[in-house]
Amino acid sequence: MIQHSIGQPNFMKKCVKLLEIAVHQNKANSKNLAYLTDRIAVFENKPQLYGTQFDWDVSGELSPNTFDDLKKVNQRRKSIGLNSIEEKTKIIRKQAKNNKQSPPKDFEKRKQEIEEWKKTVGWTK
């Protein structure tokens, strides 16, 4: 539910703090924290720590949103039981192909619409 509350930045930010506490107390799964942390980072135009969030790139391929450092990302992913970002990218692209998903017709327009939406709901200024 939290992952899909993208129109409520304050709620998501509050939840990530609570989830961090729960993970440290072994009461929640660290993968859920990784996904939520990355989702918030993407909406705030910051680099991901785990590379869990993907979107269409300018070449028409599904690729991970910006992340900080490939080696560090893969180390973090491995530490919580995720496969490498390279392996995940292959899986995501194959799923998209199998599901007949296609990139936006106007990449720049879509990118602009997303940035406007982020401002409207309060992710960015």
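Trainee: Where is S63 placed?
Mentor: S63 sits in strand β2 (residues 62-64); helices (H or I, at least four residues) and strands (E, at least two) are DSSP runs, numbered from the N terminus. This is a predicted model, where local features need pLDDT of at least 70, side-chain atom pairs count only at pLDDT 80 or more, and totals for chains, interfaces and linings use all residues. Residues are numbered from 1 along each chain as its sequence is written, and side-chain values use heavy atoms, with hydrogens and water left out.

Trainee: Why is S63 called buried?
Mentor: Buried means under 20% relative accessible area, exposed over 50%, partly exposed in between (1.4 Å probe, protein chains only). S63 has 13% relative accessibility, so S63 counts as buried.

Trainee: What makes the side chains of S63 and D57 a polar contact?
Mentor: The term needs a pair of N or O atoms within 3.5 Å; within protein, one must be able to donate a hydrogen and the other to accept it, and residues adjacent in sequence count only if both atoms are side-chain atoms. The S63 and D57 side chains make such a contact at 2.8 Å.

Trainee: Which residues does T89 touch, not counting residues up to four places away in sequence?
Mentor: With contact meaning heavy atoms within 4.5 Å, T89 touches F54, L62 and P64 under that exclusion. T89 lies in helix α4 (residues 85-98).

Trainee: Why does T89 count as buried?
Mentor: Its relative accessibility is 10%, so T89 counts as buried.

Trainee: How do you know that L19 is buried?
Mentor: L19, in helix α1 (residues 9-24), has a relative accessible area of 17%, therefore L19 is buried.
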